[in-house]
Amino acid sequence: MKKTLKDTKKAIQDLLNVIGETEGELDDIDTIIRKSHEKVAKLEEQVLEITSKMREVERKIHKKMNRIAKIKKAIFKADTDRQLKTLEKDYERVTKELKALEKEYAKLQEEYEKIVRKEEKLLEEEMMLEERAAELSEKQSAKMEKVSKLITRLQTKIANAAA
């Protein structure tokens with residue numbers, strides 16, 4: 001009887017140790033997930049900031065394109081060489097500004113895509129960690145159930161031995 005009680009006590013202690021280890025691992029995973037959520041939130045802020053800048057640059061690009069169209073119309077209607085030269089200089093200047101804005105937009109778009117890829121990678125990692133946490137929780141529940149059954153069996157044996 002003493003040997004059975006001792007074996008049962010050891011089995012319960014072993015299961016409790018496993019549960020404790022699992023709980024520690026779950027806490028670690030939760031910490032990692034929380035940090036990942038914070039990183040994703042920061043990346044989302046950056047995405048919003050960049051999209052705002054992109055819209056602003058798009059607006060400027062459209063303004064420049066409209067300005068170029070007006071200059072082209074004015075070039076065809078120019079009466080003197082002086083007007084024509086002035087309009088051509090204007091056209092050159094606005095075209096340069098447009099190219100600069102297009103480069104800026106391309107750079108912003110590249111940065112946006114880079115951040116979105118980072119965000120997607122973090123979200124994938126989060127999903128994997130959450131799956132792992134679910135597996136560990138399931139394992140922990142199974143171990144707790146075993147501990148509960150062992151305790152019930154132990155109580156039954158003690159009651160039978162006392163009677």
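Q46 is partly exposed, with a relative accessible area of 38%, and this residue belongs to helix α1. In this predicted model, the C-alpha atom of Q46 lies 9.7 Å from that of E111, although 65 residues separate the two in sequence. Helix α1 spans residues 2-77, and helix α2 spans residues 81-162.

- R132 pairs with E25 in a salt bridge whose closest N and O atoms are 2.7 Å apart. Because R132 lies in helix α2 and E25 in helix α1, this pair ties together parts that are 107 residues apart in sequence.
- R132 is partly exposed, with a relative accessible area of 32%. E25 likewise counts as partly exposed, at 32% relative accessibility.

- E97 forms a salt bridge with R93, in which the closest N and O atoms are 3.1 Å apart. The two residues are four places apart in helix α2, so about one helical turn separates E97 from R93.
- E97 is partly exposed at a relative accessible area of 27%, and R93 is partly exposed at 39%.
- E145 forms a salt bridge with K149, and the closest N and O atoms of this pair are 3.8 Å apart. E145 and K149 are four residues apart in helix α2, and they are therefore separated by about one helical turn.
- E145 counts as partly exposed, with 48% relative accessibility.
- Salt bridges with shared partners also join K64, R67, D90, R93 and E97 into one network.

**Charged patches on the surface**

- A patch of positive charge on the surface is formed by R34, K35, K39 and K42. One of its members, K39, lies in helix α1.
- A patch of negative charge on the surface gathers E23, D27, D28 and D30. Within this group, E23 is found in helix α1 and is partly exposed, at 41% relative accessibility.

**Buried residues and their contacts**

- S36 is located in helix α1. S36 has a relative accessible area of 7% and is therefore buried, since the cut-off for burial is under 20%.
- Leaving aside residues up to four places away in sequence, S36 touches L122 and E126.
- E119 has its place in helix α2. This residue is buried yet has no salt bridge, and the nearest side chain of opposite charge, K118, is 11 Å away. A salt bridge requires a side-chain nitrogen of Lys or Arg within 4 Å of a carboxyl oxygen of Asp or Glu.
- With residues up to four places away in sequence left out, the contacts of E119 are V40, L43, E44 and V47.

**Positions and separations along helix α2**

- L84 is placed in helix α2 and is partly exposed, with a relative accessible area of 27%.
- The contacts of L84, not counting residues up to four places away in sequence, are I75 and A78.
- L84 and L26 are 58 residues apart in sequence, and their C-alpha atoms are 74 Å apart in space.
- E138 also has its place in helix α2. E138 is exposed, because its relative accessible area is 63% and the cut-off for exposure is over 50%.
- A separation of 61 Å lies between the C-alpha atoms of E138 and E97, which are 41 residues apart along the chain.

Methods. Residues numbered from 1 in each chain as written. Predicted model: local features only at pLDDT ≥ 70, side-chain atom pairs only at ≥ 80, totals over all residues. Heavy atoms only, no water. Patch = residues over 30% accessible without salt bridge, like charges linked within 9 Å, V, L, I, M, F, W, Y side chains within 5 Å. Areas by Shrake-Rupley, 256 points an atom, 1.4 Å probe, with all protein chains shown as cover. Lys, Arg positive; Asp, Glu negative; His and termini not counted. Charge placed at Lys NZ, Arg CZ, Asp CG, Glu CD. Buried < 20%, exposed > 50% of the residue type's maximum accessible area, 1.4 Å probe, protein only. Contact = heavy atoms within 4.5 Å.
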